[in-house]
Amino acid sequence: MPSTALAGIRVLDLSRILAAPLATQMLADLGAEVIKVERPGAGDDSRTYGPPFAPGPKGERTDTAAFYLSCNRNKQSVTVNHSTAEGQALIRALAARSDVLVENFRAGTLAKYGLGQESLRELNPRLVYLSVTGFGQTGPYASRPGYDGIFQAMSGMMSVSGHPEEPMKVGVSMVDILTGLYASTAVLAALRHRDATGEGQFIDLSLLDCGLASLSHFAMNYLVSGEVPQRRGNGGYGGIPSQAFHCKDKPIFLVAGNDKQFAAFCAAADRTDLLQDPRFATTSARITHREDILPVLEAILRTRTRDEWLAVLDEHDVPAGPFNEMPEVFADPQIQHRGMLVDVEDPVSGQLPLLANPIRFTATPVEGYTPPPALGEHTAEVLGRLAGVTEDQLTALRARGVV
């Protein structure tokens with residue numbers, strides 16, 4: 001069996017909800033051993049973020065929300081109460097034998113319990129300590145709580161999303177997801193530095209910062225021109241056309257990102273006369289005369305059905321795609337071919353469907369998925385192996401509410 005990319009890396013995961021757990025799930029997918037530390041009795045808040053909840057063996061509802069299942073596969077779960085002295089000692093013991101620690105408590109919270117980055121990196125100088133917070137470790141908002149929708153609003157993401165008359169958040173928790181990706185990238189870079197120098201480091205990652213960074217060319221357009229980006233609904237800011245169009249029956253999303261693709265669209269639509277109009281002859285001209293060309297394109301697209309357009313556009317190599325609801329997404333032959341849906345054996349649900357990791361390696365493939373762990377499922381094994389806790393000691397710790 002091929003080795004995994006992060007074989008031998010141990011991650012101590014003290015995070016909850018979505019952004020940071022997504023980062024540690026990515027590291028787990030890549031082969032790291034990820035130990036998720038949760039509160040005894042309650043666990044990660046996201047376990048209760050349902051319905052929907054995972055089904056039991058007879059189809060009955062369990063207490064594990066699908067939300068939790070989305071970002072905690074390939075991990076082990078250990079329960080430890082970090083607010084107790086004994087719990088803090090256990091976490092320090094685990095941190096001493098870990099390569100990475102990830103947490104998303106409010107700035108300064110874990111330091112109150114002797115579990116801040118300075119204390120743990122003094123204990124283990126090779127430790128990469130990642131802290132994911134809403135606003136970062138410094139600044140006037142550092143102590144504030146926050147959630148994805150707040151950061152979509154504050155970062156400007158909502159200002160460029162939605163229709164002209166109404167700003168709108170992205171349907172999924174996009175800032176959380178992007179922050180998770182930034183976080184996993186940061187950890188990999190810090191591990192590379194650690195391997196070269198022998199020293200770990202602290203990573204301060206803010207959801208607000210990541211939300212703003214994700215605005216990319218929208219932000220750059222504003223910085224260069226001083227013009228505030230306008231909301232265009234399902235219209236884009238690239239070449240024209242680059243948006244949703246209604247066909248005779250159903251909508252499609254069509255993009256002609258350059259002059260060659262626009263010429264191909266005109267050929268597919270039997271409207272090569274548009275190429276002779278100086279307003280539409282080049283990408284820059286079409287962007288300048290957006291309001292002139294869009295009604296023309298809308299009228300053209302309404303003359304055929306969605307499937308008719310998709311077929312002829314594909315023949316002419318023009319980028320286009322249907323609007324798929326979830327059943328259509330998972331029925332799509334390309335999605336099925338790429339193996340983006342995997343079934344894993346789960347002791348509670350039986351077969352549990354999971355989204356696959358989209359990364360395709362040739363030497364270290366992502367495979368062998370394990371289901372998201374039950375609360376405290378691995379407490380005895382992990383604490384025994386890494387902290388030297390005996391069965392009798394574990395029983396006593398449980399009686400005192402430590403684990």
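How many of the residues of helix α1 (residues 19-29) are buried? In this predicted model, eleven of its eleven residues are buried, and helix α1 is mostly covered. The buried residues of α1 include Leu 22, Met 26 and Leu 27, and also Thr 24, Gln 25 and Asp 29. Just after α1, Gly 31 has a positive phi of about 110 degrees.

The sheet comes next. Six strands make up an open sheet in the order β5-β2-β1-β6-β7-β10, and their pairing is parallel. Strands β5 and β10 stand at the edges with a single partner strand each, so one side of each has no neighbour in the sheet. On average, neighbouring strands of this sheet are turned by 20 degrees against each other, direction ignored.

Strands β6 and β7 run parallel and are joined by four bridges. In this pair, Glu 103 stands opposite Ser 131 of β7. Helix α6 lies across β6, β7 and β10, and runs at about 165 degrees to β10.

The residue ranges of some of these elements are listed here.

| Element | Residues |
|---|---|
| Strand β5 | 75-79 |
| Strand β6 | 100-103 |
| Strand β7 | 128-133 |
| Strand β10 | 202-206 |
| Helix α6 | 174-197 |

On the surface, a nonpolar patch is formed by Tyr 49, Tyr 141, Tyr 147, Ile 150 and Met 154, which together have about 480 Å² of accessible area. Met 154 belongs to helix α5 (residues 148-154). With a relative accessible area of 39%, Met 154 is partly exposed, because that class lies between the buried limit of under 20% and the exposed limit of over 50%.

Note on methods:
Residues numbered from 1 in each chain as written. Predicted model: local features only at pLDDT ≥ 70, side-chain atom pairs only at ≥ 80, totals over all residues. Heavy atoms only, no water. Patch = residues over 30% accessible without salt bridge, like charges linked within 9 Å, V, L, I, M, F, W, Y side chains within 5 Å. Areas by Shrake-Rupley, 256 points an atom, 1.4 Å probe, with all protein chains shown as cover. Salt bridge = Lys/Arg side-chain N within 4 Å of Asp/Glu carboxyl O. Helix = DSSP H or I, 4+ residues; strand = E, 2+ residues; numbered from the N terminus. Buried < 20%, exposed > 50% of the residue type's maximum accessible area, 1.4 Å probe, protein only. Pairing = 2+ DSSP bridges. Axes fitted to C-alpha atoms, helices over the stretch in contact; angles between N-to-C directions. Contact = heavy atoms within 4.5 Å.
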